[in-house]
Amino acid sequence: HILVKKNFFFDQYYQHNGPVIAKQLIGDALRHRVESIDHESCDPGDEDTFFVSDLGEVYRQHMRWKKNLPRVKPFYAVKCNPDPKVIQLLAGLGTGFDCASKAEIEQVLDMGVDPTRIIYAQPCKTNSYVRYVANKGVKQMTFDNADELRKIAKLFPDAELYLRILTDDSSSLCRLSLKFGASLDSTDELLALAKDLGLNVVGVSFHVGSGASDPFAFLKAVQDAKTVFEQAYTYGFDMKTLDVGGGFSGDTFDQMARVLRQALDEYFPPHISIIAEPGRYYVSSAFTIACNIIARRTIENPATGKASYMAYLNDGLYGNFSSIMFDHQHPIAKVLRSGTRTYYNTPFADGLPEAVNAGIEYSIWGPTCDGIDRITESIRFAQELDVGDWLYFEDMGAYTKCSATKFNGFSDNHDVIYVCSEPGARAIMDF
Ligand code: PLP
């Protein structure tokens, strides 16, 4: 398979100046695209929002993972951003994939990935999807309740099951344990039922919540998982794997990884395989989005004599900024192009400090009719921005495009321009 032929790149570390090269490549891609648009005469859609994705950043995150968590094999959480090039790169780098639905599983299988590299990590599955995975040989899946065990016993008794346990996810951005996970006082009963049904429990999984901020949530979850492993041994299950879920993010990764690494070494002997389901960690910083200012409303302030503006973009909360609603994010606008000048990655691109009341104040809005569709309440820029100018937002790779809608008839499918700041990733992708 083309996807796995270049495995020798696994051990090659990223280039020292990769992030600097990334800035240049992303800047060139943004500039080239926006400068090619004639706002006076372009066709509908030509000025649409677009992404620039640096696959080199995904590669760097993978190398960072291998360095910090060498024992843990990542299964990328496709839901976070099912971008085909990201999946192709990660497949080439040898990761597994965490899929939540038939469509995600199909997408990964269609790329030539072996079914053993997929975990169907959804504790409450659709019957017909279970029949589908049984047919395709995707055996690994999670469960957290008795009804699901009975479903699996009927539809796929040979499945390799992970008992997903509840965690303390109170420090995370998106709490998942409100919905999923077996409490520790129910695990013994579930294991007994699995035994009665003749099912094959092979591991334990957990998720400390997406955007987790307390590394000790991992420690507690690993300790709880150890307790459930011991319970499972008493029922005669051959427990092989611990799945430590997702919840990692770029800024806190090193600290989280340290706590997790130590906990794993303390509680799980080397013959137990460890896997994880990182999503956000891999893609958040790899995508930058550029949006066009389609309309502007001037707000006069007679008291100060200074005008402020409402800037309306061609993307918002119902589109790629869905992360504001669903993922509790606060994307920060920067000026990409104002008039005939491009400002990417210059100090003039950034907002000005509120404290000094400098520059011109803007609120930033999406294009739909809904008042909730506001990206930024207040930000100040040195430039006077007008219709046709462009803003950009970094760190837009996680839970953005995948949860965009077509509300009000706006497109939910925007171009992605790929660049690649790492030779190792370029070789895998035949860039
Ligand atoms: N695994 C499961 C089961 C999830 O529900 C999620 C996110 O919702 C993830 C992994 C990915 O989490 P994250 O993006 O925080 O790494």
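Mentor: What follows is a set of questions on terms, values and conclusions.

Mentor: Two ground rules come from the source. Residues are numbered from 1 along each chain as its sequence is written. The model is predicted, and local features need pLDDT of at least 70, side-chain atom pairs count only at pLDDT 80 or more, while totals for chains, interfaces and linings use all residues.

Trainee: What makes the radius of gyration agree with a compact globule?

Mentor: The radius is taken over C-alpha atoms, and the globule rule is 2.2 Å times the number of residues to the power 0.38. For 431 residues a compact globule would have a value near 22 Å; the protein has 24 Å, which agrees. The C-alpha atoms fill a box of roughly 75 × 45 × 40 Å along the principal axes.

Trainee: How many helices and strands does the protein have?

Mentor: Twelve helices and 17 strands. Helices (H or I, at least four residues) and strands (E, at least two) are DSSP runs, numbered from the N terminus.

Trainee: Which residues touch the most other members of the largest nonpolar core?

Mentor: L161, L163, L336 and L391, out of 119 residues. Such a core is a set of buried Ala, Val, Leu, Ile, Met, Phe, Trp, Tyr and Cys residues joined through C-beta atoms within 7 Å. Helix α8 (residues 216-234) gives the largest share, seven residues.

Trainee: How do you know that this core lies between the domains?

Mentor: Domain 1 (11-52 + 284-429) and domain 2 (57-283) both give residues to the core, so the core lies between them. The domain bounds come from an automatic or database domain assignment. The C-alpha centres of the two domains lie 34 Å apart.

Trainee: How many residues of domain 1 are in contact with domain 2?

Mentor: 23 residues of domain 1 are in contact with 22 residues of domain 2. Contact has a cut-off: the C-beta atoms, placed from the backbone, lie within 7 Å. On the domain 1 side, α12 gives the most, with four residues.

Trainee: Which residues does L161 contact, apart from its neighbours within four places in sequence?

Mentor: M141, F143, I152, A194, L199, N200, V201 and V202. M141 also stands opposite L161 in β6.

Trainee: What makes β5 and β6 a pair?

Mentor: Two strands pair if DSSP finds at least two bridges between them. Strand β5 (residues 140-143) and strand β6 (residues 160-164) share four bridges, in the parallel sense. Both belong to the barrel, which closes in the order β2-β3-β4-β5-β6-β7-β8-β9 with parallel pairing. The twist averages 30° from one strand to the next; axes are lines fitted to C-alpha atoms, for helices over the stretch in contact, and angles run from 0 to 180 degrees between N-to-C directions. Helix α8 lies across β6, β7 (200-205) and β8 (241-243), at about 165° to β7.

Trainee: Which sense do β10 and β11 run in, parallel or antiparallel?

Mentor: Antiparallel, with seven bridges joining β10 (residues 287-300) to β11 (residues 307-313). A295 has Y312 in β11 as its bridge partner. By contrast, β11 and β14 run parallel, joined by four bridges. There, M310 has S363 as its bridge partner in β14.

Note on methods: A residue is buried if 20 or more other C-beta atoms lie within 10 Å of its own, exposed if 12 or fewer, and partly exposed in between; C-beta atoms are placed from the backbone. Two residues are in contact if their C-beta atoms, placed from the backbone, lie within 7 Å.
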